Structures are given as C-alpha cells and as structure tokens.
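Thank you all for making time this morning.

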Amino acid sequence: MSLFLWLLTAILVNVPISNSNSVHESLISSFNNSNARIGRRLQFENMFDTMGSLGGKKKNRDKDKHNRSNRQKKSSSSQLINNRLQLSAEAILTDAPRYHLWWTGPPEESNEQGSNRHFSRPTTWGARHNLTYGNNAIFTMAVVQGLGKDDTESFSSTVNNLLLYLHTARKVFDGDIVIALEAESGGLSEEVKAILRFYRAVVYELPTDLCSKATNSIFCGSADERVPASVFRFYFFELWASMYPENSLILITDFRDVFFQSNPFTYRTNHWHPEHQLVLFKEFHPNMVIGRCRFNRLQMEDCYGLEALRLLGQHVIVSSGAALGSRDAVLVWARHMTLQLQDAPGRQVEGRCQGAGIEHAFINWLVYGNKLRQLGVRIRLISQGEGAVNSVGGLLPNTVGSNALNSSITDNRVDPSKGSIRGGGTAGLVRKGEVVTISGPIQSFWRIFSDDGYVLNWNGEVSPVVHQLDHFQDELVMISDKLISSGMVPGYLNLSGSVPDKDRAWQAVAVARCLWGCKSSKRFGDT
C-alpha cells in the first residue's frame, strides 16, 4: 500500500498513524463492518421490496405528500370556484329587480289590488315556500299549449297531467314543489285548486294574457315582446331560486312529459356534489348528437351560426328536460339561459333564433362552450340512463330527425306489437345513408321497463325522474291493456286515493292513460 493511500485511509478511519499493525487491523475491521452494514441494509430493503419495501415506504410517503399537495390545490381551487360562484349569485340577486322589470312590471303595479302582475308572488290559497336551511325544491311551469292542427286550443296541462306530476313527485319527495300555472279566463278552477292544495304545491297563477296562443307554440312575456315559454320559464326559476338558502338543492323540470319514481335528491348525489354545482343529463348516444339531429342542428345554426355548429356538432345533446344544482348554480344557470335572448348572435337577425325550441341551442351552447366556468359553476354531465333524470326519448327518436343528415328523413315509427321500425325490419340498427339509428320497444328491445312497471337506469336501478316516456305511448297503452285485462291493476287509477295494494305497473297505466290528456281515469275528488 502506498504511503499516500495509507495516510488517507488512516485519516478517514481516525486511527493512530504510528501503529501500522493496528491501522491494518482497523482497516480490515472497518471494511468488514461496512460490508456488514451494507449487507443488512440491502437485505432489509429486499425484504420490504417483496412486502412493500422501506424504499416503497419512502415512495408512499412521497406519494402521500404529493396527494396531500394535490388535495390542497384541489381544495384551494374548489374554494376559489365556490367564492366566484357566490359572487356571481350575489351580483344576480342585486341586479334582479331591474333585470325582471320588463315582464313583472314596476313594484307599485305588482302591489295594486287586482293587478295583472300579481303573479310574481305565490297565491295565498296554495302552500308557502319552506325557506328553512337545507330545504330542497322542485320547480316547473305548466301552460296551455296553443293552437292545434284544427286551430283549437289543446291543453298540455290537463288535470290528468297535473295529477300525474304532483302525485308521483309528492309520493317520493316531501319538500317544496313550486309550479307556475296558467289560469283560464275565470281563474283556476276549484278542481285544479283542490289538487294543488292536496299535494301542497306552491302556486304562481299566471294571467291569461301573459302567454299568447296565436301560434302552435307558446310565447310569453309583455305585450311588446314575447319569447318561447321554454325559455321564459327561466325567469320564474331565477325568481324562485333567489328565495332559498344557499345550501338548498333545486331540480327544475319540464312538466307535461315528466314523472317521478324515487327521490332525485338522494340518488348518487355524492357522485357530483359538492365538487360540481350543477348536473345536467345527456340524451341517448349515438342517436342524439347535435350535428346529426335535424332539429338541434337547425337550432344551433340559427342561434349561433355555422362555426358554432362545426365546433360543437359532435357532442351528445344535453337534455332540456331537467337540471339539478345548488341554489347559486341554478341562479346563474337560469340567468344565463334568459341572457341568451340578448347574447345569441342569431337573435340580432330578424326571423332567426325566434321560435320554439331555441332553448336546446342555448343549453348546449352554454354547456359545451364552457360559458359558466368563469362564473364559478362547475357542471357535471351525466350520460343517459346513469343519473337522477333519465331522458328516454332518444331511444325512440320519432319527433326530431335523429341521425339525419338532411331534412327529408322520415319518422322512426315502431310497431309495438311486432317490434318493427317504419313498417319493416327488426328493431335495432336502422341505416339512413351513412348513419345509423338504434331504436326499438322499451320493454322487449331496450329492456329498461321492468315487469312491475318501473323505468330503469342501465344499472337496473329505478330511474328517479323519467323524461319523454311519451315517445313510447303506443307500446305503453298495449302494456296497460294487458295489465288491466289480467286483473293486475284496475281499469282506472284514482291518483288522489291509494295506489292498488300490489303497486304493480301503476306507472305504466298512469302514464299511458293520463299523461297525454286521456279522459278514462278518475279525476281528483271523485268518489
């Protein structure tokens, strides 16, 4: 060993330089001890490599630290979004009196006895808003349809509609049900009032001149300006939402083609709330895509132009039938739905973006254009048949020209007795040029209508809210007839009374017999 190396080793091991033998022995001892330590360390690591090693523990600690950091960032981000949403809601509340002046009239006019503008307040004979902390609410609006094919008024809000909506909602939900209802020339009938009182509805009675019946669609507003009722209702939804506590959840729905099977506020709410503040529900893919649906394609192009259609046309249509969210999110959503009457470029051109159905374009533009994120609203989109609201119309899209690349497409009529489409072929894939529509009976083909009469989500659970089951009206009538003839249910249902003991298939009977204005079922109050 060279002198230099010996000196260096001696210094490192801190042994006396004068004693070469002891130095040599110390070097040997040090080397052996070092190897022993290294060996034990490696064995220790190897042992834990097979059981979740010490190195793994360090990695886990690093991972935990990383996850904590991510959670803190996420929490900070969520807090920032929540603060932004709160500020957005406060701005809407502050601005509300001025914003709604065009249709509610001045406050002093609303206070006048007998004024036509008293409808911005609930009736005194109906239920009162329950504004206690944490109370949830359902909002809807029902008006007279307008002129039918024979130029006579056809009611979309018949007594049977009212019975079905309120009865099914109240059966599963004990909170507020708030409804704007159009009065006939002499006011709401005593029969209708009795139904509304029985189901504890908070009622806003609309004057007959608020909505025009001059066309086959519904237009509401002031005498100087009327807008489609499907958009106008959002003025009411904003007004109502402003009354509720911040922690309330609110469900807004269509009226005529909606009914309830279980409580929507308790169905997988933790899958979206509180991380997201608003949940919306898609229609069925692949049938219902914006750019391949004749109706939705025309609405999007009419309101926002060809470039918007090019950018958003590949997306699945978001249903206009329902939305569920926090109080603040519903405030922002409702305000921006009505703001589209000013903001949509097509509205600046006379004759464009004016008709019934423009709310479809508004909804999909706001959602897929990500217009509300900067205002603090995080939206969760849920696929058809997976959430609290199941829009089933896309499974039999016979009214909107689904997957239609041109406007000459024919309806997809299903023969419920044979399971055929448009008079020929087996239900399933129907080719239309280069695109395909998947369609068939709800019970035998889709298998989401249970033997005991419930519409199901794809996981087999009961759909809390069902939208657009009227597409399957013919099939449901056949199911109802079979149930009635077999004695499973009576030939009518008195919805104001008790449900039959077996509670079997009553939804099918009620929907098929009553949802579309049938007169065979008993009315509320009959003995």
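Let me begin with a term: helices (H or I, at least four residues) and strands (E, at least two) are DSSP runs, numbered from the N terminus. What you see is a predicted model, in which local features need pLDDT of at least 70 and side-chain atom pairs count only at pLDDT 80 or more, while totals for chains, interfaces and linings use all residues. Residues are numbered from 1 along each chain as its sequence is written, and side-chain values use heavy atoms, with hydrogens and water left out.

The chain holds 13 helices and 20 strands. Of its 527 residues, 52% are buried, where buried means under 20% relative accessible area, exposed over 50%, and partly exposed in between, with a 1.4 Å probe and protein chains only. If we call heavy atoms within 4.5 Å a contact, then among contacts with a separation of 6 or more, 74% are between residues 24 or more positions apart.

Let us turn to a sheet. Strands pair if DSSP finds at least two bridges between them, and in that sense β6, β7 and β8 form an open sheet of three strands, in the order β6-β7-β8, with antiparallel pairing. Its edge strands, each pairing on one side only, are β6 (211–212) and β8 (226–228). Strand β7, residues 219–221, is joined to β8 by three bridges, and Gly221 has Arg226 in β8 as its bridge partner.

Which residues of helix α8 are buried? They are Ala229, Ser230, Val231, Phe232, Arg233, Phe234, Tyr235, Phe236, Phe237, Glu238, Trp240 and Ala241. Because 12 of the 13 residues of α8 are buried, this helix is largely enclosed by the rest of the structure.

Not counting residues up to four places away in sequence, Phe139 touches Tyr165, Val178, Phe237, Trp240, Ala241, Tyr244, Ile250, Leu251, Ile252 and Thr253.

Strand β5, residues 201–206, is mostly covered, with six of its six residues buried. Ala201, Val203 and Glu205 point one way from β5, whereas Val202, Tyr204 and Leu206 point the other way. Strand β4, residues 176–182, pairs with β5 in the parallel sense over six bridges, and Ile179 stands opposite Val203 in β5.

I will finish with two loop residues. His315 lies in the loop between α9 (294–312) and β12 (318–326), and is partly exposed, with a relative accessible area of 25%. Leaving aside neighbours within four places in sequence, His315 is in contact with Val289, Ile290 and Tyr368. His315 and Gly291 are 24 residues apart in sequence, yet 7.7 Å apart in space, C-alpha to C-alpha.

Not counting residues up to four places away in sequence, Ser450 touches Gln443 and Leu456.
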